[in-house]
Amino acid sequence: MQRKKKKLIALWLTLASLLLVLAGCGDDLASQDVLTRVKASNEISWGVKSDTRLFGLMSIKTGKVEGFDVDIATAVSKEIFGDQVQVNIVPVTSNTRMSLLKNGNVDALASTLTITPERKKEVLFSEVYFNAGQALMVKKGSQIKSVKDLTKGTKVIGLQGSNSVENVKKAAPEAKILQLPDAAQAFAALKSGQGDAMTSDNAILYGLAADDSDYEIVGGTFTKEPYGLGINLGQEKFHQAVDQALQTIEADGTYAKIVKKWFGKIDGFDGGVVK
Amino acid sequence: MITILTDHWADLVAGLRITLSASLLALLGSLIIGVIFALFVISPLKPLRVIGNIYVEIFRNIPLLVVALFFYIVIPQFVVQIDGFTAGTIGLTIYTSAFIAETVRAGIESVDIGQMEAARSNGMTYLQAMGYIVLPQAIKIVIPPLGNQFVNLVKNSSVLAFLAGFDLMYQANLIVSSTLKTTDTYLAVGLLYLLMTMPLSYLMRYLEKRWAKQPAND
């Protein structure tokens with residue numbers, strides 16, 4: 001009996017120390033100063049979405065993640081660490097990105113991350129690099145120019161169970177709302193005239209409109225959900241450097257070039273922070 | 001589950017109404033179309049047989065969702081503007097009618113060929129013999145399988161949920177997405193579907209019993 005107890009205690013002690021060591025490891029990597037480490041290793045990792053059109057999408061041709069977020073991450077890194085720095089793009093999802101950042105698997109996030117008060121307690125946000133928000137898409141030539149035109153008798157297509165449906169109910173209480181299961185199906189329904197407009201996040205709508213020049217985004221955004229780059233708490237120096245780099249690429253035209261590359265063909269685009 | 005029923009009663013009733021009307025319309029439509037195509041399939045005229053077979057084989061072998069989406073997405077682009085309810089009900093009608101055609105055809109073929117021959121030799125035309133002698137006997141035989149088709153039809157009407165048809169299933173999905181009470185909502189909706197399909201089953205069983213008592217040709 002006594003021996004069994006001792007064994008059990010020993011087991012618990014081992015587990016506890018193992019946990020401490022592991023926790024220590026994670027802590028180490030995430031709390032090391034990013035600026036110093038990257039200057040030494042000349043390598044920086046960014047977490048980017050790999051399933052979001054125009055922002056970060058795995059290209060079947062090249063096997064690489066390509067998009068606006070990737071180019072912004074690369075431009076910012078080069079601005080801080082010089083053109084020779086190696087930028088690693090790590091695919092993340094909406095569910096994994098926060099923990100990957102906190103564990104130090106990535107140094108920063110450029111992953112369509114909306115700046116919210118709750119998230120501000122968890123990460124440091126850069127300045128806004130993309131004006132995301134809910135928008136309307138219509139067929140070119142439509143009478144609907146903004147959310148105000150969604151009057152009685154008009155039909156809006158939204159995605160089942162999304163916040164955007166609740167938002168449009170508030171912004172246009174008289175319009176009838178048709179909710180479809182996913183973005184592709186909703187766009188197909190819009191094309192067949194099942195609704196007068198489609199509403200969703202502007203980033204999603206841009207992705208759809210990029211495919212079909214008969215459709216445009218109108219009236220700007222009627223909610224504000226801006227994207228910021230995410231940096232670990234405690235990385236104040238790196239945070240400052242990122243903000244400064246953003247300002248520089250906005251001033252020297254690099255930012256505008258990247259916007260033009262990804263959103264140049266989209267009518268009604270207003271997501272850029274530089275007008 | 002009770003709170004789901006009480007809190008969202010108006011939505012559920014609205015959905016129930018849509019589901020019922022879509023089912024009734026499709027039931028009537030598919031019965032008529034189904035019988036017509038069954039007659040085509042067994043017709044002595046080859047062109048009619050070919051048309052009937054093509055129709056049945058196409059719509060019986062395509063998933064209902066695909067047929068319904070075709071009417072929701074494709075038809076409005078090229079032919080006429082129809083909403084989710086109409087598209088769904090048309091899809092449901094056509095899909096079910098193919099199965100009913102097969103069921104009725106089997107019923108007609110199970111009626112002894114002598115019945116047709118006897119009627120024809122008494123001076124009836126083909127259509128008269130079919131309408132007065134063969135079909136009445138065939139319908140009695142196919143009541144149980146037809147009942148199955150009708151119950152399936154009511155359940156299949158949930159396809160409207162994918163076309164923003166505002167039916168019971170659509171309302172259920174919206175309730176789930178706003179309350180996140182998945183189990184309770186789908187349980188409640190399952191009960192509401194039972195409320196529609198059980199009486200239908202009993203009605204068909206009643207008809208089956210009543211008509212089975214009568215002699216074949218009364």
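The structure is a predicted model, in which local features need pLDDT of at least 70 and side-chain atom pairs count only at pLDDT 80 or more, while totals for chains, interfaces and linings use all residues. Residues are numbered from 1 along each chain as its sequence is written, and chains are lettered from A and ligands numbered from 1 in the order in which they are written.

Chain A has 10 helices and 13 strands; helices (H or I, at least four residues) and strands (E, at least two) are DSSP runs, numbered from the N terminus. Along the principal axes, the C-alpha atoms of chain A fill a box of roughly 80 × 55 × 35 Å. Of the 275 residues in chain A, 40% are buried, a class that requires 20 or more other C-beta atoms within 10 Å of the residue's own, against 12 or fewer for exposed and values in between for partly exposed, with C-beta atoms placed from the backbone. Among contacts in chain A with a separation of 6 or more, 70% come from residues 24 or more positions apart; a contact here means that the C-beta atoms, placed from the backbone, lie within 7 Å.

An open sheet of 5 strands runs in the order β5-β1-β6-β13-β7 in chain A, with mixed pairing; strands pair if DSSP finds at least two bridges between them. Strand β1 (residues 43-49) of chain A runs parallel to β5(A), and 7 bridges join the two. Within this pairing, A:V48 has A:P91 in β5(A) as its bridge partner.

Two helices accompany these strands. Helix α3 (residues 68-81) of chain A lies across β1, β5 and β7, at about 160° to β1(A), whereas helix α9 (residues 236-251) of chain A lies across β6 (108-109), β7 and β13 (227-232), at about 5° to β7(A). These angles run from 0 to 180 degrees between N-to-C directions, with axes as lines fitted to C-alpha atoms, for helices over the stretch in contact.

Elsewhere, A:A197 lies in strand β11 (residues 197-201) of chain A. A:A197 counts as buried because 27 other C-beta atoms lie within 10 Å. Beyond its neighbours within four places in sequence, A:A197 is in contact with A:L136, A:M137, A:V138, A:I144, A:L150 and A:V156.

Turning to the interface, 12 residues of chain A are in contact with 11 residues of chain B. On the chain A side, β10 (176-180) and α7 (183-191) are the elements that give two or more residues.
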